[in-house]
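Here's a friendly walk through this model, one question at a time. Take a look at it first, then read on.

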Amino acid sequence: MLLSKNSALESKDNEIFEVEESIAIQSELIKTMTTMVNSKAYVNERNQMVPEARCRKQANYHVEQNNKIVDEELSDWESKFFEVDMDDLHELFMAANYLEIESLLNGVTKRVGDFIKACKNVEVIRQTFGINNDFAAQQEEEIRKLNSWNHI
Amino acid sequence: MAEQVKMEEIDRISDLHDSILIHILSFLSTKEAIKTSVLSTRWRYLFDLLPNIDFDLEEDLCRKNIKSYSTDVIENYMCSVDKMLLFCNTTNVNKFGFKCWIRMIGSDRFNGWISAAVDRGVKHLDLSTSVLPSSTLPIFTCKTLVSLKLGKYFVLNVPKDVHLPNLKTLHLHSVGFLNDDSVKGLFSGCPHLEDMVTRKCDLGEIRNFHISHHLLKTLTIRYSYNSFQCWLWINAPNLTSLEYYDRLVAGYSMENLQSLTKAVINISACKTFRADATTIFKGICDVPSLVLSDTSLELLLRCEPLPVFANLIRLDLPCHLRFRYSNPLQKGLETLLSSLPALEKLEFYQEVLCSLPEEVPSCLLHKLKTIKITNFTDEKYCIGKAKYILKNGGVLEKLIIVTASHISVAKKWISKTLFASARESKPCFILII
């Protein structure tokens, strides 16, 4: 194993994670920061503990297994990683968004897309995500008419 | 999904930025994404911003019977397409796909869609419809187009000035050509073309199908119609893969195929054997990997003289029907082997080897490492073929025998006989399937 440079990342709740630099720079934010400050980056984010560990786990996994793993295994692992409830998914999303980790963001958005696909109809989508229907009755009727072929 | 999703009380999703929501919607089909427009005012116009627009009428309307379509529903559907293409013209379109088999769209409307897509910088077009596109269709002068797939009943009326500077992929299915010039114009107007597929195209009006292109990498021609009066000309110095599945046409010219790494020549049964396929084989004689149908093999064996495939390393003969009832005078694979000095890997149906040459082909003595024989039976002459190979295969590493389905009981006996048989290459591994 090559001895690569390690970055120490400190989250807002004062937990310090030591990560291999090649993994840390998967986050665009950290990448920019580390070019400014040498080997330490201070991560300022509320409630980052769990997502931080998860991010690291996934990034670690990706880097280590990059050349070895077959696509099938990776997608199996990924689907298990994202099989979490809405709250955790939201946390993962906030982390991915703030830290600007593209692969994590892709995984989260795909999972949300899958949730929507699995909903039988619009009402179920609203319930799943807590979306409030703020249409006037006439507006809604208009939209349904325009899309009558789609059985909205 | 493993867990039951609980009902959310706070709406955290609608607050997300447009680009994130579009990203989420991009994982849905166009039809599913359109449904979200009725969720709330926040969601109403989001789907308009989707970069990939895919409509498939038969699939989206889920109806099997053509009579079950009502004009109202069709019109409603077309309006949705209008909306996505025409009424939101600030964002770019990445892909526009439209499949519709019924003759219910006006060509003006269809042209309007294509023009809108072109104006919005479309990169990928995938169209299958029986609408007769007009000659003013801007498909052929779209600077942004990277892939163009046209299918089903398009009559390709290629204008004089084809200008598709970024086109890399061109797939034409069931397309007809008006004349020879339209073919030439098509290729000269696509300077960066890399991948071309034609399938079931009508060549009735063509006398010379000229495929001359300096960058073309892969070419696949499948089952043309009315091609018996047509000449096929291929001149493609960068072509690495050629796949030809068709009946013989009037004549061939194949030049500059020095980059070819794989060729599939699958000529289907022809009624007349006066047809001459020599040019095809001469044109591809430097290829390292070759797949031939049984008709192709028969045509090849009629070439005088037999071309030498000096660089051929891998040969695959997946068909055998024409060799099934072989007569003693029929020539087969054994005649060809002497022209394949570099052959290392060979796959064939046992019927295709008609006799065992006294003078052992040099490739069998010095080069062949892997041989796979299919449709193997327990009859004496068939076993004899495997024994011959084992006896003379000087560097043979693997012999794979796939038995014919009706003789699975004889497998053990075949194994026993072959394992006991004399073999020139001691480390040779025999596998009976």
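Q: Which residues have the most contacts inside the largest nonpolar core?
A: A nonpolar core is a set of buried Ala, Val, Leu, Ile, Met, Phe, Trp, Tyr and Cys residues joined through side-chain atoms within 4.5 Å. Buried means under 20% relative accessible area, exposed over 50%, and partly exposed in between (1.4 Å probe, protein chains only). The largest such core here has 160 residues, and those with the most contacts inside it are Phe96(B), Phe98(B) and Leu315(B).

Q: Which helix gives the most to this core?
A: Helices (H or I, at least four residues) and strands (E, at least two) are DSSP runs, numbered from the N terminus. The top giver supplies seven residues and spans residues 71-86 of chain B; that's helix H4.

Q: Before going further, what kind of model is this?
A: Residues are numbered from 1 along each chain as its sequence is written, while chains are lettered from A and ligands numbered from 1 in the order in which they are written. Side-chain values use heavy atoms, leaving out hydrogens and water; local features need pLDDT of at least 70, side-chain atom pairs count only at pLDDT 80 or more, and totals for chains, interfaces and linings use all residues, since the model is predicted.

Q: How many helices and strands does chain A have?
A: Read from the N terminus on, the elements of chain A go β-β-α-α-β-α-α-α-α-α-α. That gives chain A eight helices and three strands.

Q: Is Arg126(A) buried or exposed?
A: Arg126(A) belongs to a network of salt bridges with Glu123(A), Glu140(A) and Arg144(A). Its relative accessibility is 5%, so Arg126(A) counts as buried.

Q: How many residues apart are Asp18(B) and Arg42(B)?
A: Their side chains meet in a salt bridge (2.9 Å, N to O). Asp18(B) sits in helix H1 (residues 18-25) of chain B, and Arg42(B) in the loop between helix H2 (30-35) and strand E1 (52-56), which puts the two apart by 24 residues.

Q: With which side chain does Gln330(B) make a polar contact?
A: Gln330(B) is found in the loop between strand E16 (314-317) and helix H9 (333-337) of chain B, and it counts as buried because its relative accessibility is 15%. A polar contact is a pair of N or O atoms within 3.5 Å; within protein, one must be able to donate a hydrogen and the other to accept it, and residues adjacent in sequence count only if both atoms are side-chain atoms. At 3.3 Å, the partner is the side chain of Glu298(B).

Q: What is the relative accessibility of Ser293(B)?
A: Ser293(B) lies in the loop between strand E15 (289-292) and helix H8 (294-301) of chain B. Ser293(B) counts as buried because its relative accessibility is 3%.

Note on methods:
A salt bridge is a side-chain nitrogen of Lys or Arg within 4 Å of a carboxyl oxygen of Asp or Glu.
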